[in-house]
Every structure is written in C-alpha cells, then in structure tokens.
Amino acid sequence: MTVENTEFRAGFASVVGRPNAGKSTLTNAMVGKKVAITSARPETTRRIIRAIVTRDAGQVILVDTPGMHRPRTLLGERLGDMVRDSIADVDTIVMCLPANEKLGPGDKYLLDLAVRAKVPMIAAITKTDLVSREALAEKIAAVAAFHDFVEIVPVSAATLDQVEVLTEQIIKQLPVSPPLYPLDAITDETEETLIAELIREAGLEKMREELPHSLAVTIDEIIEDTAPNGGPLVRVHASLHVERDSQKGIVIGRGGARLRQIGRDARKAIKALLGTPVYLDLHVKVSKDWQRDPKMLDRLGF
Ligand SMILES: Nc1nc2c(ncn2[C@@H]2O[C@H](COP(=O)(O)OP(=O)(O)OP(=O)(O)O)[C@@H](O)[C@H]2O)c(=O)[nH]1
C-alpha cells in the first residue's frame, strides 16, 4: 500500500468499556490478526496494546485498555492509572457498550472519565449478533440518550458485521496527517511481549476461576536456533509467576499434566505468530505478592 491520498488521516483512538464489553475482540477484528488477548473471563486485559489499523483513508493506532474495576491492590491502582493515561492524548474515544447488557453504573463511571478527555466519542454497540433487531433498536435509543456521541455504530466482532463502518468512522475523527507507523505494521508491542501474553492466555484458559489476576509471565530468553532438519527453530524460555506456594501446584497440575497442556497450547499460538517451529520451556516461580511489589511490577512491565 502506498499513500497517494492527500486527505489521509492518522491518529490515536482509545477503546474503552467495562470488563467483558468486547474491547479486545473488536480490536482484533479491526486489525484482522490476533494482537490483544481475549477471554471469556472479565478483566484479563492488563496491558495497553496498541494495535495499528491502516486503510486507504487513514491509520488508526488503537489503544486497548484494561476493563475498569475498583482498585484493590497496587496492580488494580496501576490498571486504573493506565486507563486514565490511555484516554489522555488520544484523538477519539470508542466506548464499547454490549448490546446484550443494560447500561449501568460502570458505564456511567467510564463515561465521566472519558468525557474529561474532551475529544469526540463514538459509541460502539458491541455483540449485536446476540440480540434481536427490536432489542438493538431499543439499545440504540438508550445509548443516544446516555451521551451525545458523534456516532453510534452497532457492530459484531464475531460476524464482522459493521466492523469496517466503525473503522471508517474512527478514521473520520482523526487529524489529517501522514501515517505514524509503517503501513504494514499491526502493533508496536515487541515480539517478546506478544509471546508472554500468549503464554499467559494459555495459562488462564487452563485455570478457569482459580488464578484470575495472580498469574504473570516473563520471558527469560529467546534464542533463534536451527532444527535438526536444518530449518529455523525458535527456543523460548519463560517463567510463570504465581503469588503463593499453593498456586504453584495448581499451575503444574497432577504429574505436571496442566503445565504440559499450557505449554502445548502456548507453543501452537507462538508458532502461528512467528511462523516458525517453536521449542517452549516453561518454569513456575513463586514471586510472593508480586501484585503489591513495585519492583516486581516494574519488571513485569506495569
Ligand atoms: N457473540 C459475540 N461475543 C463476543 C463479541 N465480541 C466479544 N465477544 C465475547 O465476549 C467476551 C469478552 O470479550 P473481550 O474482547 O475479551 O472483552 P474485553 O472488553 O476486552 O474484556 P476485558 O479484557 O475483561 O476488559 C469473550 O467471550 C468474547 O468472545 C461479539 O461480537 N459477539
């Protein structure tokens, strides 16, 4: 793709919404490749992942935010700060409001925060595939009464219905500018961060309710090696951090079965990301109260 368009627009958009509103899935749908981790459990998005969406009309740098929740730990407070920071310095805010859920105090809390950024706001009514046309019409009316959004776009990341319309509307809110990133870039996260997120996602999938926020992943080493057949092989050594000794057993599982399953799932995902065979070596470490330890949070990138 080359830029011939003199009206090309580029800038930052923040995607906000309460936990489970569909922010990550929508981000992935706009980019067309998996860059943000998604999960059926709320509050799994911790990092602010910038996804980059480039179309003929412009380039959007999407800032994905953690779902809002009340701070209970230092980690919780930092998540709140990250949301506030991500709303500052953007050109537009996309507020995700699920079609299948009523507007509530969580949405109002977020709206009040977002309004302070004083930028045009777009409402994305997410998960429209889950509701009838009548219910959607009612939801649109409720959202229109909720705030004076510049646009209200009903969208389904599952069926991709209206995803391009939303992308176009976001681009319209951006300033005329040359592209800010190379036209084929999809994220400015390092490969290392993406790999750590894939391992954490595989871990969370396997541990359901047992370890919601207590799991963190660090990458110890990534080595580009050669496989016995002469092809490329990437060796990844990573650590899974839990907070207590009792959680270590949960991650490892009986006879190491769970850790092996996490390793298999993560290896598949990393292979898809890198496009090369992967050898994955996982270690489980107890990092006591890492969520309250500023040094550990810094190491983990929070
Ligand atoms: N049917 C349907 N389900 C969706 C759609 N978008 C997201 N979901 C589901 O809703 C759940 C939450 O989606 P996420 O994208 O992880 O939500 P999030 O807002 O990023 O969540 P947090 O990380 O908790 O802030 C997942 O189970 C998704 O599969 C959609 O368009 N249709």
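Tutor: Buried means under 20% relative accessible area, exposed over 50%, and partly exposed in between (1.4 Å probe, protein chains only). By that scale E197 is buried at 6% relative accessibility, and R200 is buried at 2%. The side chains of R200 and E197 form a salt bridge at 3.5 Å, N to O, where the term stands for a side-chain nitrogen of Lys or Arg within 4 Å of a carboxyl oxygen of Asp or Glu. Both residues belong to helix 6 (residues 191–207), three residues apart, about one turn of the helix. Helices (H or I, at least four residues) and strands (E, at least two) are DSSP runs, numbered from the N terminus.

The model is predicted: local features need pLDDT of at least 70, side-chain atom pairs count only at pLDDT 80 or more, and totals for chains, interfaces and linings use all residues. Residues are numbered from 1 along each chain as its sequence is written, and side-chain values use heavy atoms, with hydrogens and water left out.

The count comes to six salt bridges. One of them pairs R55 with E164 at 2.9 Å, N to O. R55 is in strand 2 (residues 50–55) and E164 in helix 5 (residues 163–172), so this pair ties together parts 109 residues apart in sequence. R55 is partly exposed at 23%, and E164 is partly exposed at 38%.

D225 and R235 form another salt bridge, with their closest N and O atoms 2.6 Å apart. D225 lies in strand 7 (residues 216–226) and R235 in strand 8 (residues 232–242), so the parts tied together are ten residues apart in sequence. D225 is partly exposed at 30%, as is R235 at 26%. Finally, salt bridges with shared partners join R18, E101 and D107 into one network.
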